[in-house]
Amino acid sequence: MKDIAFGQYYPIDSFVHRLDARTKLLITILFMVSVFFADSFFLYLFILLALVLMVAFSKISFIRILGTMKPIIVLAIITTVLNFFLTEGEGEPLFKWWIFELYIEGIFVGVKMLLRLIFLVMGASILTLTTTPVALTDAVEWLFYPLSYLRVPVRELALIMSIALKFIPNLVEEAQRIIKAQKARGANFESGGLIKRAKAFIPILIPLLVSSFRRADELALAMDARCYGYTAKRTKMKKLTFRSRDLLAGIVITLIFGSMIALRYCSGVIINGETLAELCPWIYYGSM
Amino acid sequence: MDKDKPIISFDNVFFGYSSAEDEQFYYAVHDATFDIYEGEFVAVVGKNGSGKSTIAKLMNAILEPSDEGGSVTVFGIDTKKGNKYEVRKRVGMVFQNPDNSMVASIVEDDIAFGPENLGLEREEIVSRVDNAISLLGIENLRTRTPHKLSGGQKQKIAIAGILALKPDVLVLDESTAMLDPQGRKEVIQTLIKLNKQEKITIVLITHFMEEVLFADRVLVVNQGSVKLVGTPKDIFLNCDKLIEYGLTIPRLIELESKLRQSGLDVTQGENNVELLAKEVAAVLSDRFET
């Protein structure tokens with residue numbers, strides 16, 4: 001349970017692990033934007049291709065990455081089902097029962113939503129599985145550095161982010177300890193309605209909050225003792241450096257997503273008197 | 001070891017606070033005066049609430065004495081007036097819970113935190129991190145995640161994080177309290193090594209009387225002031241006083257004390273079973289022959 005790995009670094013050596021964190025961050029952002037651009041099943045293949053490449057070159061087993069989907073399974077099912085039945089389409093419904101009507105458009109929208117969710121979570125987890133939190137924080141700091149001209153404390157925010165990531169496993173452990181302690185005193189988390197169950201979590205949340213404040217206090221002392229704030233010019237042990245492999249990865253990914261987005265907007269391009277959409281309808285199958 | 005050169009001096013130090021509960025004013029440290037010398041291994045013992053932790057925090061300018069409450073001088077710097085960072089650079093502090101003193105999720109990144117704060121060059125940071133890691137013999141933990149390690153290992157990493165600041169003094173505020181016996185042993189052995197090989201002055205704050213035996217000098221603290229000072233042997237000659245101050249005497253020392261009281265001439269303050277057994281055997285065989 002301590003290995004609930006969403007966002008936890010998985011230390012092995014691979015091409016993706018060795019990429020600069022900034023490259024990976026930018027690729028991930030590009031990936032996520034592209035996921036929202038893809039609107040037909042064929043275009044999703046491009047996303048899938050990029051994902052397969054990323055997984056293959058990260059040497060992380062596909063099952064492990066799929067495992068990061070666990071926390072959102074319920075969300076994914078609800079989204080899909082809601083989209084199935086709440087999308088109204090033209091023509092006859094495929095299926096009708098009481099107030100529920102299922103149209104082909106509903107299936108399209110639902111499946112695409114599901115794919116989007118899966119791709120988004122998997123893309124994000126490849127980033128966090130292959131990048132140490134420190135490198136990731138540095139990358140975020142680099143990305144937001146321009147904001148520091150507007151007096152946004154980017155460095156401090158980046159440090160706060162890395163500390164938050166570091167304390168996730170500690171807090172999970174703490175929460176489990178509190179749950180056990182409250183169970184030992186007769187607390188019941190498993191029965192009752194939704195509201196009763198939600199209420200049952202108050203005796204967990206309050207001790208967890210209190211202990212977090214205590215931790216924060218101790219951590220502040222420890223940081224003071226280690227000369228935090230000694231100089232405004234903090235240095236870094238690990239400096240991020242772009243290498244040729246970053247360029248390579250960037251070009252490949254940009255090509256994949258670039259051609260995907262180009263295809264999407266080229267449906268009206270006329271070739272031999274016919275539009276691309278008419279010529280190759282399979283490219284746009286499922287789009288609306 | 002330079003016995004004439006105090007590097008940390010407490011001069012009639014008072015430290016008080018107003019309790020939020022009953023709005024009374026309490027003194028955690030009450031007229032404490034003592035010196036720490038270069039190269040020493042000093043143990044500071046006292047029961048819970050005796051003020052020993054406050055004393056530790058006064059040593060590296062995390063706290064400062066109350067107004068008109070005396071002064072703490074560290075390497076010639078008055079902690080009330082001088083640059084606190086200069087004090088903290090030279091007096092490193094290791095806390096009780098290593099989980100709450102780490103900032104990074106990778107061991108080497110955490111050790112680098114201190115030198116990074118000092119704004120050092122990258123090569124210097126790397127060499128300091130390498131040095132700290134090899135001193136503590138934790139090369140195998142370098143790229144690990146701290147939360148999956150044992151308590152003793154985590155505390156070693158915390159010590160390495162402080163050593164990377166290259167301090168002259170290492171203050172350990174109950175740093176062994178949360179460890180299992182094995183972890184405690186590992187940490188104490190590390191401290192002895194740092195003291196002997198690297199000539200780092202060690203101030204070990206603790207309530208485990210067994211740990212006192214490794215020290216050159218012991219300060220016994222009660223109600224915020226230093227009540228007894230001396231070598232471990234000297235301290236254990238005053239077992240009654242120690243009990244009065246709420247401390248527990250190690251079993252063997254207690255036995256020695258009882259044997260002496262009943263007229264058996266054994267050395268007091270040696271926590272060594274074999275030595276004691278030999279002495280008892282010698283005394284008994286003398287009696288048997290006469």
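User: Is the crossing of H5(A) and H6(A) right-handed or left-handed?

Analyst: This is a predicted model, and the values that follow are computed from it. Helix H5 (residues 73-86) of chain A and helix H6 (residues 104-130) of chain A have axes that come within 7 Å and cross at roughly 160 degrees. Since angles over 145 degrees count as roughly antiparallel, H5(A) is roughly antiparallel to H6(A). The handedness of the crossing of H5(A) and H6(A) is right-handed.

User: In the contact of H5(A) with H6(A), how many residues are nonpolar, polar and charged?

Analyst: On the side of H5(A), the contact is made by A:Leu75, A:Ala76, A:Thr79, A:Thr80, A:Asn83 and A:Phe84. From H6(A) come A:Gly106, A:Ile107, A:Val109, A:Gly110, A:Val111, A:Met113, A:Leu114 and A:Leu117. With Gly counted among the polar residues, the contact divides into nine nonpolar, five polar and no charged residues.

User: How are H2(A) and H6(A) oriented, roughly parallel or roughly antiparallel to each other?

Analyst: Helix H2 (residues 21-37) of chain A packs with H6(A) at an angle of about 180 degrees, and their axes are 10 Å apart. Because an angle over 145 degrees is needed for this class, H2(A) and H6(A) are roughly antiparallel.

User: Which residues of H6(A) does H2(A) meet, and how do the residues of that contact divide by class?

Analyst: H2(A) contributes A:Lys24, A:Leu25, A:Thr28, A:Phe31, A:Met32, A:Val35 and A:Phe36. The residues they meet in H6(A) are A:Arg116, A:Phe119, A:Leu120, A:Gly123, A:Ala124, A:Leu127 and A:Thr130. By class, the residues of the contact of H2(A) with H6(A) are nine nonpolar, three polar and two charged.

User: What distance separates the C-alpha atoms of A:Phe85 and A:Phe100?

Analyst: A:Phe85 is found in helix H5 of chain A and counts as partly exposed at 27% relative accessibility. Neighbours within four places in sequence aside, A:Phe85 is in contact with A:Phe95, A:Phe100, A:Glu101 and A:Leu102. A:Phe85 and A:Phe100 are 15 residues apart along the chain, and their C-alpha atoms are separated by 6.1 Å.

User: Is the crossing of H11(B) and H12(B) left-handed or right-handed?

Analyst: The axes of helix H11 (residues 251-261) of chain B and helix H12 (residues 273-289) of chain B come within 11 Å and cross at roughly 20 degrees. That angle makes H11(B) roughly parallel to H12(B). In the contact, B:Leu252, B:Leu255, B:Glu256 and B:Leu259 of H11(B) meet B:Val273, B:Leu276 and B:Val280 of H12(B). The crossing of H11(B) and H12(B) is left-handed.

User: Where does B:Lys199 lie, and what is its phi?

Analyst: B:Lys199 lies in the loop between helix H7 (181-197) and strand E8 (201-206) of chain B, and counts as exposed at 61% relative accessibility. Although B:Lys199 is not a glycine, its phi is positive, at about 60 degrees.

User: Which residues of chain A lose the most area to chain B?

Analyst: In the interface, 34 residues of chain A are in contact with 40 residues of chain B. The area buried between chain A and chain B is about 3,400 Å², and carbon and sulfur atoms give 57% of this. Together accounting for 27% of what the chain A side buries, the residues that lose the most area to chain B are A:Arg226, A:Tyr230 and A:Met237.

Technical notes. Residues are numbered from 1 along each chain as its sequence is written. Chains are lettered from A and ligands numbered from 1 in the order in which they are written. This is a predicted model: local features need pLDDT of at least 70, side-chain atom pairs count only at pLDDT 80 or more; totals for chains, interfaces and linings use all residues. Side-chain values use heavy atoms; hydrogens and water are left out. Helices (H or I, at least four residues) and strands (E, at least two) are DSSP runs, numbered from the N terminus. Buried means under 20% relative accessible area, exposed over 50%, partly exposed in between (1.4 Å probe, protein chains only). Axes are lines fitted to C-alpha atoms, for helices over the stretch in contact, and angles run from 0 to 180 degrees between N-to-C directions. Angles under 35 degrees count as roughly parallel, over 145 as roughly antiparallel, 65 to 115 as roughly perpendicular and the rest as oblique. A crossing is left-handed if the near helix is turned anticlockwise from the far one by less than a right angle, and right-handed if clockwise. Contact means heavy atoms within 4.5 Å. Buried area is the accessible area (1.4 Å probe) that two parts lose on being put together, summed over both.
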